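Subject: The structure you asked about

Hello,

Here is the structure I promised to pass on. Have a look at it first, and then read on for my notes.

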Amino acid sequence: MTTQSGKRGGGDDESEVPLLALLALAKDITTDLLHRQLGQEGFGGIRYRHGSVFRFIDAEGSRLTALAERSGLTKQALGEVVDELERLGYVERTADPADRRAKIIRLTERGEQGQVAAARILGDAERRWERHLGRDRIAMLRQTLEQIIALQSDGG
């Protein structure tokens with residue numbers, strides 16, 4: 001059993017939890033907080049998978065193919081996510097002025113408001129971490145994670 005302190009419980013053999021497991025737990029806790037608060041603020045139905053649209057959509061809208069490439073999902077899987085968000089009123093599909101056969105996926109006003117609320121909620125969480133852990137530690141965490149991501153991007 002793993003405790004929230006990052007130690008394995010049970011017996012005398014308390015070893016450290018792998019770093020990736022701690023990162024996953026921190027992500028899960030933050031994602032749960034985000035979705036709970038979004039729901040409390042009237043943005044119900046938003047789930048983790050919807051981030052594949054909210055995180056990668058351009059301000060003027062994006063084609064499904066572009067969103068699929070950016071998110072790493074197939075066009076079919078992303079199409080299902082867009083269908084859900086459309087039913088929930090967060091996105092709409094409009095004709096692409098450059099190619100009338102293609103569709104542009106755009107955030108609706110409600111979708112834009114949800115995106116702004118999510119950014120605020122995540123910013124509030126980060127500021128709470130700074131108050132409890134110190135601004136320097138959070139800045140170092142951010143820098144370290146950015147460097148890890150850059151290593152991956154460089155093939156390292």
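A word on terms before anything else: contact, or touching, means heavy atoms within 4.5 Å. Please also keep in mind that this is a predicted model.

With that in hand, let me begin with Thr 30, which has its place in helix α1. Leaving out residues up to four places away in sequence, Thr 30 touches Leu 122 and Trp 129. Is Thr 30 buried or exposed? Its relative accessible area is 17%, and buried means under 20%, so Thr 30 counts as buried.

Next, Glu 41. You will find Glu 41 in the loop between α1 (19–40) and α2 (51–54). Its relative accessibility is 33%, so Glu 41 is classed as partly exposed. Which residues does Glu 41 touch, not counting those up to four places away in sequence? They are Ala 117, Arg 120 and Ile 121. With Arg 120 there is a side-chain link as well: a polar contact of 2.4 Å joins the two side chains. As for Ala 117, 76 residues separate it from Glu 41 in sequence, while the C-alpha to C-alpha distance between them is 8.3 Å.

Now the chain as a whole. The protein chain has six helices and three strands, and along the sequence they follow the pattern α-α-β-α-α-β-β-α-α. Of the 156 residues in the protein chain, 27% are buried. Among contacts with a separation of 6 or more, 43% are between residues 24 or more positions apart.

On to the sheet. The three strands form an open sheet in the order β1-β3-β2, with antiparallel pairing. The edges are β1 (62–63) and β2 (91–96), each of which pairs on one side only. How many bridges link β2 and β3? There are six between β2 and strand β3 (residues 99–107), in the antiparallel sense. Helix α4 (residues 75–88) packs on the sheet and touches β2 and β3; the direction of α4 makes about 115 degrees with that of β2. Going back to the strands, β2 and β3 form a hairpin with two residues between them.

Last, a pair of helices. Helix α5 (residues 109–133) packs with helix α6 (residues 135–153) at an angle of about 125 degrees, and their axes are 6 Å apart. That angle is why α5 is described as oblique to α6. On the α5 side, the contact is made by Glu 126, Trp 129, Glu 130 and Leu 133; on the α6 side, by Arg 135, Arg 137, Ile 138 and Arg 142. What kinds of residue make up this contact of α5 with α6? Three are nonpolar, none is polar and five are charged.

Best wishes

Note on methods
Residues are numbered from 1 along each chain as its sequence is written. This is a predicted model: local features need pLDDT of at least 70, side-chain atom pairs count only at pLDDT 80 or more; totals for chains, interfaces and linings use all residues. Side-chain values use heavy atoms; hydrogens and water are left out. Two strands pair if DSSP finds at least two bridges between them. Helices (H or I, at least four residues) and strands (E, at least two) are DSSP runs, numbered from the N terminus. Axes are lines fitted to C-alpha atoms, for helices over the stretch in contact, and angles run from 0 to 180 degrees between N-to-C directions. Angles under 35 degrees count as roughly parallel, over 145 as roughly antiparallel, 65 to 115 as roughly perpendicular and the rest as oblique. Ala, Val, Leu, Ile, Met, Phe, Trp, Tyr, Cys and Pro count as nonpolar, Asp, Glu, Lys and Arg as charged, and the others, Gly among them, as polar. Buried means under 20% relative accessible area, exposed over 50%, partly exposed in between (1.4 Å probe, protein chains only). A polar contact is a pair of N or O atoms within 3.5 Å; within protein, one must be able to donate a hydrogen and the other to accept it, and residues adjacent in sequence count only if both atoms are side-chain atoms.
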